[in-house]
Structures are given as structure tokens and as C-alpha cells.
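Please examine the structure displayed below.

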2 protein chains.
Amino acid sequence: MSVETAVKLESVDITSGFWQRYRQLVVREVLPYQWAVMNDEADIEITMDPQRNGQDRSSHAVANLRIAAGRMDGHHYGFPFQDTDVYKWLEAAAYSMSYAPNPDLKRITDDLVELIAAAQQPDGYLSTFFQIEAPERRFKRLQQSHELYTMGHYIEAGVAYYEVTGSKLALEIARRMADCIDENFGLSEGKIPGYDGHAEIELALARLFEVTGVQRYLDLAHFFLSQRGVDPEFFERQIEADGWERDLIPIMRGLPRRYYQAAEPIRDQKTADGHAVRVVYLCCGMAYVARLTGDRDLLDACHRLWEDIVSRRMYITGNIGSTTAGEAFTYDYDLPADTMYGETCASVGMSFFARQMLEIEPRGEYADVLEKELFNGALSGMSLDGRHFFYVNPLEADPAATAGNPGKSHVLTQRADWFGCACCPANLARLIASVDRYLYTVSGTAILSHQFIANTATFTDGVRITQTNDFPWDGEIRYEIDNPVRRAFKLGLRIPSWSAGTARLTVDGVARDIDARDGFAYVNVDSSRLTIELELDMSVRLMRASNRVRETFGKLAVQRGPIVYAAEQADNEGPLWLYTLGHDMKTDARYESDLLEGVEIIQVDARRQPQDGADAALYTDAAAAPAEAARLTLIPYFAWANRENGQMQVWLNSGD
Amino acid sequence: MSVETAVKLESVDITSGFWQRYRQLVVREVLPYQWAVMNDEADIEITMDPQRNGQDRSSHAVANLRIAAGRMDGHHYGFPFQDTDVYKWLEAAAYSMSYAPNPDLKRITDDLVELIAAAQQPDGYLSTFFQIEAPERRFKRLQQSHELYTMGHYIEAGVAYYEVTGSKLALEIARRMADCIDENFGLSEGKIPGYDGHAEIELALARLFEVTGVQRYLDLAHFFLSQRGVDPEFFERQIEADGWERDLIPIMRGLPRRYYQAAEPIRDQKTADGHAVRVVYLCCGMAYVARLTGDRDLLDACHRLWEDIVSRRMYITGNIGSTTAGEAFTYDYDLPADTMYGETCASVGMSFFARQMLEIEPRGEYADVLEKELFNGALSGMSLDGRHFFYVNPLEADPAATAGNPGKSHVLTQRADWFGCACCPANLARLIASVDRYLYTVSGTAILSHQFIANTATFTDGVRITQTNDFPWDGEIRYEIDNPVRRAFKLGLRIPSWSAGTARLTVDGVARDIDARDGFAYVNVDSSRLTIELELDMSVRLMRASNRVRETFGKLAVQRGPIVYAAEQADNEGPLWLYTLGHDMKTDARYESDLLEGVEIIQVDARRQPQDGADAALYTDAAAAPAEAARLTLIPYFAWANRENGQMQVWLNSGD
């Protein structure tokens, strides 16, 4: 037996038909469309969040950079963090060029990087809002300024662009930003003992440290995490000291400290409270820095918040954020379907968090949640045409409610062209374009395969793993392993929670008992070739939530593999609440290649109450209600709202 | 047969034990308590509506009048309509003295009337906010100013005080206000072609017309109703013309015209939209003026809006207003139990509307709704001790949701001492103190008895009707009629919708078929004595809503007589949503004299799912859930939240 040296992942090519379609859509539609929007060259309608009170006449995001670079006159327009739309787009574009090199796109992105360099100030600072509108307020209003958040997003983009294209300028901009921040923040005299109201810089600095090896960046990330909430009055005192009357973002006046995860040190925070995206970006940064520094307290906080989110505050689709007020978490087991938020960015951020946890610990639970987001809660944020987006992802929607009840006006029932606050579209694009980075982690001599997204991956010594399947529609997962130098390693295959106890494994044609540890079945590899077949249980399952959840009591959801299903009015006569499912009703699953770009649909034998007449009394004596046999057609949740406008429900009434 | 001359109602003495308790509570607790609060002499906590952003440190309502009268220095504090708290209290005090003369109270109210006279300006204007803070803006900001609303409330109080005590000063103040308004409003040159953002003056002027006979007042009321919405831009143009930056009530910026029922002429309005209290006050004014003028268009609008409210927008308890946003109606069949508003004032206003409709047409449906409000939705606004009040009356409440979900933070689970916007407490007090005015209408030679509130009433020619019963707990309703001059008249007895087809009637011991017309059974009276016994069906009934209501699909409510029941955590182990009722479950009703000042409770055999463990998975495969036999104890809805804080539900899950 040879001395075992660490295995390294060298490349991943995605071959999954499902994901190839999305990744080519990013190249073909999403990136050109978003670039046109950010350059104000698209004829679109910009949807304003009803909570916001700005005017939403254009994106202006690229124009802001031009103005800051002195290449154009004018005022900043949009949110103080408008720059991040461009940076997330640049990051997505960078990833896309790793699987779809594109000289035309490369010219645009090179020019963009050059524009960003021109907009950057000599000391490395870059926030077009402050440079154009309020240079004297730099770093003086951190609660709402998003300056570090904004630069953090550039740092992520710059690192990605450098990694894919080798652009030294892209990396240099990032380093100069980090140096500027390092110059200005810290506990020593004259520095600001604070942090940004929106986490992001922490994970960005950790990422910059990984690519540059500069310890200062990691230390700075760690400082921000340690300092957060230590002085709960920091933000308010800063605003008071500044004395400027104007709010940077008017609706943020009066949001509580917990909204910003700044009420107490994060090491003391027990529950996932406040703005959901901030929480998961913060958790991602904590996990990242915990792994790189070994800080046990940070890791404990990650475990605590992970557990709270996943066990008590997450929708069955992976969405998080139970209220539109502050786009926030509420309290344990509070999971209303119709007034919820479920921001696309929050599901994207949850994917980041899950990925970081997988880098620390080989636990299938993290990969389960990642899968839940990739195939449900995050993916629903984009239309099948790549040009329409959801900010809010409800589990129940009704156009009449959206139009008629102000408590649900944030729940769009059709995806928008763009948003006044357009954080989500490019965020989802960068997740899809980088999904190859979420498939494996290697730890010592173990390779962990987290997702059933077909791919070919190469590792140290020419080890190659070819995963083929027709997932998520089919559960036959095949792994071909080429191991030319007969290196000895373990391959950990994730046994998803939805197939625990029902999956079947064969290795070179020989059936094996699955003895999963923390959600992974391990196969020792030391031959030059090996074929593994994993058969996952793709039965249609009726799911229920814990009855601690008031909103879903007596309701059922339908799931098959990782895919959560939804009923839409496009397939079923409304109102959808008139249908009831039994616990043992017959279901059929069938692949429809012409429907919604190809989806497995599910048909369920259900019952349906005849609708009461419009002239019937509003309240009457109850009697066991008549119900007629009916057939309910369900489609994958991620694909809803791609046809005519109508009602949608994930949770369906039950009644045996 | 004598020539029939019109019968007139002369007096009503309430003898009902149930209502006597409430009416004595008004005298003993409610009036002294509210007077102390309005004089800032009570040690209380003032609850701020989360939507408001004022400081709520005191009532200051009487102090504002003192300042306006020049008897005290200082600034106005509170809402522009703060004066109305005092006026509604004065009106309630006036009514109370009709059944409980009270020299101590009379000294206070006489002094108060004298203070109001002193605060009134020479031309009759009175609004302490404008007099103290912005005299130059008189009548210039009608959308939010509430000036006519405020004076309207005084006019109602002044008329009531005059009627009960004979105070000429009280009436004179009212007439001077009406003259001032008449001087300033109208379509002729130099007058304001507008109306108040909050209806009230219309019904008040009609009432003043009835007591004074001055036609100008009725014409002015009719003008306000005809002019409303004719120029939909009136409010905005007035604000623009005024040019003052400050909003009188900041949260009202941006509310749509429909909020104020000012988007189109009320004759064209098809649905009950906007602020629920404004709608029902407007409807009450329309009905009042329609009756006095014979304006058929106004009556049609009343019918249309009544039908929309009662058939599609009213909770089973009579509450109205489905959303906290604008305290408003939403859309047909949108009746969520947990995010609703159901303002106490809206149920009080709906009672006013119903009463006015009864004055026009003898239809039991109006009396049914009035009863629903009196015994449920309105009454729940006050605690059994008379010192705590609800603004919002939910049909489902959970302290955890109120504390943890901002979409439900307006739903208090315990009544408050007082409110920053304190419209409800005195409004309910004046309804209770004047409930004797809601029992009869006379039309030609017919006397209609609308309510089963025990009383003795005297009419023309010594006709006396003595109604005795133990309603709402018992359904035996006895009428003794004394008719010394053997006058011929018809007595219309309401057959409530909840006992239609099941009531039994005997006249002088002889059973009679009930041939109800529009909800009334008519008995001809021409003897000197007559005894009528009406036996109403007091069975416990399981009720359901139309299945056009999404929120109550598959849920049941329990009703007995007019009383809607609720489950409270004080009697039943939570969470309450774990209980399910069957359609044929056994129920027991039992009077509990020591509970909640004496109530009939209902016990229902139900089933209860064991609660899932806190460590159970959030989502699992569904199976027919185990449920254990359980007994659910229900109390009348109006009496909820008089014990320890906990969950409450009117609508209960069902499952056969």
C-alpha cells in the first residue's frame, strides 16, 4: 500500500442535460439580457418592491460606474449598493467563460474591469454612490451604506475573473479594495471599530486570502466577525455622529439591531433572526473563516444557526424568510405559505453556506439542503426563458390576493423583467454558472460526491470520475472511475435523505449493503477502473410538515426525488384550495418532453368540492361536504409561473 | 275598526340581565375610567398602533380643549381628531344618564359642555388641532384634517346631551358648528366644493336636522354625499394648493382615493373598498339621508354596499376589515383570521348602518347583522372589567405570532389600557349606553321588535310591550302586551336567520304557524292584553363558510343562537390547531355562572393530534395522523382574552 497523499480536484465538466440547459441559458440569454438592462438598453418594466419608495425608472448600474470614473456626467441613481448588480454579473460571466469561452463576452468584461479600475479611488475605495453623491460620508453610515458589502461583491467577482481569465487587473482591484478596508477598519487608534450592516465582506476577504495567501485579509475577515454586535450601539452612534438627516435607504429607519445581526456578538446568537440574506451571508463568512482559522466558536455558531434554520425556519422548497417586513426570519415553526418572502438571494446564500459547511465536514445533510435549493427554492427565481425573475418565492400564490390584499402585494405571481432592488437575478446567474464548484469536496484521501448532477471530474494522478444519469427525473446514478495509477482513495457517495434506507448500491455489478455514515456511503477504490451504480428511490411521496407548524396542519405536499411539486391553475381548474388529497391516493409520474422545457409531471387522484354559488350564504350549517373525484396535475415547483397567470399551491388540503 | 294613526315609541327600559350588566359597567367603570384617561389622570400604558409613528405618552384630549379655550398653555398633542374621544365619551355619558341619572357625572358633563363652548370659535368652528397649531390651514387639508369628522362627532354628542338633559347650550354649540360648515362648504362662489376625508358629518347633520327641523342641515348632509368623489382629484389639489410640506398624519401619505371613498361618486361605487370605518359611517349617513330625503340613488348605494359587505366581506362574528394596511376591506371572500383587522369601530359603525336600514325597511337581515355585532364583533372590543379595549378583533390569535411575525403585530392578544389612536373605547361605550334605541322601529301601525334584549317599552296610547327572557343563553322569548285602549296594531317579531324554520310561536297559549315575511312574523294586536311566546332554536350548530373563502376551507365554527364561540388556550391545551372537529360530534352546552361573569360554555368531543417532538424532522412522509379523543371547551367569542394570555381560534380544523 502506497503512502497516501492528499487528492486534489482539478476540473469538473458538467454533462447533466438539466443543468447544461440552464448553463447555456446563462450564456445565451441571461448574461446578454442582464448586461443590456444594466446599461439601460432593454425595453423593460422595472418592478418596485412595494416596501421601497424610490423611483424605479432604470437600472443605471453601469452608468454609475462611468460617472464615478469621470467618463460621464450625472448623478448616481438607485440604491447605494447598485454597483453589486454589475459585480455579480461579472462574476457570473467569469464562471460562464470557464465552460463556454466567448471572445465577444470577454471583450465586454475586460472593458468592464478596466472601467471599474478607472472608477476606483487612489486608495482603493469604490462605491459609486458615495463617490458621486456623498464623498464626505465615506464609511460614516455603515448600518445602511453597504460599502463593504459592495466591495465584497467586487472582490468575489475579481477573484473569479482572475481565476478564469488570469486578469491581473481584476485581482489587483480586489486587493486594493481589501487594502483600503484594512487601512480603515480595526481596533487600533484612528480606525473604525465596526463592520458593514450587510455581511459579505467576510466571505469575500476569506476568498481573497485563499487566492493571494495574504494573511491580513483573513485576519480582517476574522476581525469583522469577532467585532460584530460587541458594541450593539455602534451603528446608531455612527449615524448620530455623522449628523446627516437623510436616510440612505428610507425604509431601513427603525429596523431593529437583530435585523443586522448586530444586537449581540454572533458567538452568542442562538437563533437565525433578521434579514434572511444577511444571516446566510454572515453564516457563509463564518464557516469560511472557521475553516481557514480553526476558530471553534465560529464553527459552533454555524452549527447553531444551521440547525435553527434547517430544523425550524425553512420551507420544504429550501426557501427562507417568513415575512416581507424586513425580508426576514420570524420565529420557530412560523412558515406561512402566502405571506412569506423566500427571497431568491436567501436561497442562493443558503447554498453558499451549505457549500462552506461541506468544506468543513462530510455531512450529507449539508448536501441535502444544497440540493433542495438547487432544484427548488433558488432555481424558481428565474423563468425558463432566462429573462424574468422572482425576488419573492411563495409556496402559495393567487393573483387576486396579490392585487387585492396589501399583506400579499409583495408576492408576484409572474416573474418580473427586473427590480428596483435587483440583487436576485445576477446572484442566481452566478450560482448556476458556478454549480460545477458545488459537486465535490476532497478531504485527505476521500473524495465526496455531493450531487447527482452528471459530470466528469478529474483529480490528482489522472483519477477521473464520470457520473452519468438523467437526474432529477431518473434515479439511476452511474459512476465510472478511471484510476490509471491505481491510487487508493475512498469515494463517498451521498445517500440523500429522501432515499435513505431505500437506495441500492452495486459496485462492479455486485450488490453492496449501504452503510451510510452521516449521509455518505463510502466505497474504497484502488483498482484502475470501477463502476458504481446507485439506484435512488424516485417514488412519489406525500409529505407533511411537523405539526408544530400551524400553517401546514392538515396539508400535504408532493415530492419526488429532490423535486417539490406544485399545483398550478394552468393545469387545474381553480380555486386550487377546493382539492383534497388522501394519504393513499394513486399517483402517476410521467416525463413530458414538450412541457416546460421537459419536466416530470405528477398526476394525483384527488377529490374536489364543487364551488359554492356566488349567491350562496356566506355562512351556513356545516355538513360533510360533497366532493367529486378529480385528477390533480402537479409540476415541479421551480417551473411554476411560466405559463398563464393563475393560482399556485405547494401545500394541498388533505382529507381521507 | 278605528282609523289607524301612527304609533310612536315613547320609552324603552332595558331589563336584560346580560345588557344591564354592561350598561351598569359603563356607568360604574367605563365612563369614570375613560374620563380619567382623557384627563391624563390614569396610570396606564398607551398602546401605539405599529403603523403609527407618533409618540403616545398621554391622551391629552381634554387638555387640548382647555388650551383651545385659552384656559391652559401648551401645544396640541395627539391626532388631529383627538377631540372626538371626548365627544364620543360625552355622548355615551348622555345616554347613560337616561337610564342611570347621576348628579356627579352631570356636573362633569355640564362643565365639559361649557368648556367646549369656550373652545369654540366665534364663527362656530372647533378643531383644537387647527386652532392651536395651524389656524391658517382651516379647511385646507380635508383629506387628512378630520375637521368635519370631528365636529360631526360633537354634533352627535350635543344632540344626545340635549335630548337627555335638555341642555340648550349643548345643542347651540352643535348648531353653530353646522352653521359654520354650511357657511364654508357648497358649490356657490367662494365656498369649498369638497367634503371630509372621513365620513361622519353627513349622519351628524341628519341627526341635527331631525332634532331642530332646520332644512339647511339636511341639505348640507345631502350635498356632502352627492359631491363626494365627483372630482376625484379634489383632495390632492387642495393639498397642493396649500403647499404645506407637513403631513397631518404621516402614514396617510399615499393612501389611494378608494381609501377615502373618493375615487368616484358614491352612487357609482360597486364594492365596499377602503377604510372600513369610513365606509360604514358613510353608509350610515347615506341611509339616514336617503330616508329623510327619499333619494333613491342613495338608497340603492346603501343596498349595494350592504350586500357586498354582508355577503362577501364580513367575518362570522360581524367583524369587517380584512387587512391592517389602511384598516381596510380587501376583496370579495378574502377573510383571513390571523392577519385581519376587524376594528371595533367598524363593528360599531356597522351597527349604526344596520339601524338606519331598519328605519327604512322592515327586513330581518338588518336586525340579524345588528345582533351579530352586538353579541360578537362589537362587544369583543371591551373587557369584562370595562377598563381594557381591543382596537383589532381577530378570529385567530397567538401571542407567539403577535410577538414574532410583523404581519401580525397589530393583533393584540390582550386588551390594551388605551390607544394612541383611541377611537374605539368610547365608540363602543356609546353603543352600549344607547342600545335601548336599537330595539324597535315603528312604521305606520306596525311595531317591529328587532332584538331579544329583554325590555319594557311604551308606545302611544299606553301600549306597553314587556319582553322577558334569559337571552342570549336561553331561547324562550316572552312578550306581554298591554293595550289599555285596545288600539289595533301589528307586532312584527323578528325570526332570526339562525332559527328560521325552527322557531315556535304561541299567541295566548295557542300555537301559530310562523309565516315570516322578510324575517318578521307579524301578530295582529287589538285586545287589551296579549301574551306571545317565541321559542328560538338554541341548538349548538357547526358552521362553515362558503368555500369561496380560501382561509376557512375545511374549517368549522361553533355557534349557538347569535353567539359565535371560540377556543382559548386557557381552557384547552395548545397548540389549538391540533384539534379537529367532526361534522357529527357530540356537543354539550352548559351555563357557568362563575365563569367570565356568567356564560354558556360549549364542550365538543373532538380529536387532537399528539404534538410532534421538537427534535422531529421538519418534513416527513405523511401518514394518516394518529389522533386522540379530546374534549374542547369553547367560550363566547366576545368574552375571549379575559384570562391568561394565550392562543384563540374561532375557526377550528375539521376532519371526519
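A residue is called buried when its relative accessible area is under 20%, exposed when that area is over 50%, and partly exposed in between, with a 1.4 Å probe and protein chains only. By this definition B:Glu597 is partly exposed, with a relative accessible area of 48%. B:Glu597 has a positive phi of about 65 degrees although it is not a glycine, and it lies in the loop of chain B between strand E19 (587–592) and strand E20 (599–608). Helices (H or I, at least four residues) and strands (E, at least two) are DSSP runs numbered from the N terminus.

This is a predicted model, in which local features need pLDDT of at least 70 and side-chain atom pairs count only at pLDDT 80 or more, whereas totals for chains, interfaces and linings use all residues. Residues are numbered from 1 along each chain as its sequence is written, chains are lettered from A and ligands numbered from 1 in the order in which they are written, and side-chain values use heavy atoms, with hydrogens and water left out.

Chain A contains cis peptide bonds in loops. One joins A:Phe471 and A:Pro472, with omega about 10 degrees; A:Pro472 is placed in the loop between strand E8 (464–468) and strand E9 (476–482). Another runs from A:Gly574 to A:Pro575, with omega near -5 degrees, and A:Pro575 is found between strand E17 (563–568) and strand E18 (579–581).

Helix H10 of chain A (residues 215–227) has 13 residues and reaches 18 Å from its first C-alpha to its last, close to the expected 18 Å, a span defined as 1.5 Å times one less than the number of residues. Its buried residues include A:Leu218, A:Ala221 and A:Leu225. An α-helix has 3.6 residues a turn, so residues three or four places apart point the same way. Among the elements that cover the buried residues of H10(A) are helix H7 (147–165) and helix H12 (276–293) of chain A, where contact means heavy atoms within 4.5 Å. Just after H10(A), A:Gly229 takes a positive phi of about 75 degrees.

The contact between the chains takes 59 residues from chain B and 59 residues from chain A. Across this interface there are ten salt bridges, each a side-chain nitrogen of Lys or Arg within 4 Å of a carboxyl oxygen of Asp or Glu. One of the salt bridges links the side chains of B:Glu551 and A:Lys408 (3.6 Å, N to O). On the side of chain B that touches chain A, helix H13 (296–312), helix H16 (399–404), strand E15 (540–545) and strand E21 (619–621) each supply at least two residues. E15(B) gives the most, with five residues.
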